[in-house]
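Have a look at the structure first.

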Amino acid sequence: MSDKEYLEFTESLDKGLLLAEKRMLQEKALHDESVVVCDKDGNIKRIPAKQVIAENPIFQ
């Protein structure tokens, strides 16, 4: 696999993962569910999916 092919593959994979995460958050937000996240200090939290979407423009 050439460098160009590798870059194209990883970009495609990143786009697909982002789309899957966005769809999962939208589905959870529809049902007023939360997601489990880890903050920068390593603390585990439950946050409403609607809040995650609202605070991250990449998911809007």
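Which residue follows α1 with a positive phi? That would be aspartate 32, with phi near 55 degrees.

Some ground rules before going further. This is a predicted model in which local features need pLDDT of at least 70 and side-chain atom pairs count only at pLDDT 80 or more, while totals for chains, interfaces and linings use all residues. Residues are numbered from 1 along each chain as its sequence is written, and side-chain values use heavy atoms, with hydrogens and water left out.

**Overall layout**

The protein chain has 2 helices and 2 strands, arranged along the sequence as α-β-β-α. Both kinds of element are DSSP runs numbered from the N terminus: H or I over at least four residues for helices, E over at least two for strands. The radius of gyration of the protein chain is 15 Å, well over the 10 Å from the globule rule for 60 residues, so the chain is more spread out than a compact globule. That radius is taken over C-alpha atoms, and the rule is 2.2 Å times the number of residues to the power 0.38. Along its principal axes, the C-alpha trace spans about 45 × 30 × 15 Å.

Helix α1 has 28 residues, which at 1.5 Å a residue should span 40 Å; its end C-alpha atoms sit 41 Å apart, in agreement. The expected span here is 1.5 Å times one less than the number of residues.

As for burial, 13% of the 60 residues count as buried, meaning under 20% relative accessible area, with exposed over 50% and partly exposed in between (1.4 Å probe, protein chains only). The protein chain exposes about 5100 Å², and carbon and sulfur atoms supply 54% of that.

**The nonpolar core**

In soluble globular proteins, nonpolar side chains tend to be buried together. In this model, the largest nonpolar core has 8 residues: Leu25, Ala29, Val35, Ile47, Ala49, Val52, Ile53 and Phe59. Such a core is a set of buried Ala, Val, Leu, Ile, Met, Phe, Trp, Tyr and Cys residues joined through side-chain atoms within 4.5 Å. Helices α1 (3-30) and α2 (49-55) each supply at least two of its residues, and α2 gives the most, with 3.

Isoleucine 53 is worth a click. Leaving out residues up to four places away in sequence, isoleucine 53 touches Leu25, Gln26, Ala29, Phe59 and Gln60, where contact means heavy atoms within 4.5 Å. Across the protein chain, 27% of contacts between residues at least 6 apart in sequence join residues at least 24 apart.

**Charged pairs**

A search of the whole structure finds 3 salt bridges, each a side-chain nitrogen of Lys or Arg within 4 Å of a carboxyl oxygen of Asp or Glu.

| Salt bridge | N to O distance |
|---|---|
| lysine 28 and glutamate 33 | 3.4 Å |
| lysine 50 and aspartate 32 | 2.6 Å |
| aspartate 39 and lysine 45 | 3.8 Å |

Aspartate 32 turns up again here. The salt bridge between lysine 50 and aspartate 32 links distant parts of the chain: lysine 50 lies in helix α2 and aspartate 32 in the loop between α1 and β1 (34-38), 18 residues apart. Aspartate 32 counts as exposed at 59% relative accessibility, whereas lysine 50 is partly exposed at 48%.

In the other pairs, lysine 28 is partly exposed at 24%, and so is glutamate 33 at 36%. Aspartate 39 is partly exposed at 22%, and lysine 45 is partly exposed at 41%.

Notes: Areas by Shrake-Rupley, 256 points an atom, 1.4 Å probe, with all protein chains shown as cover.
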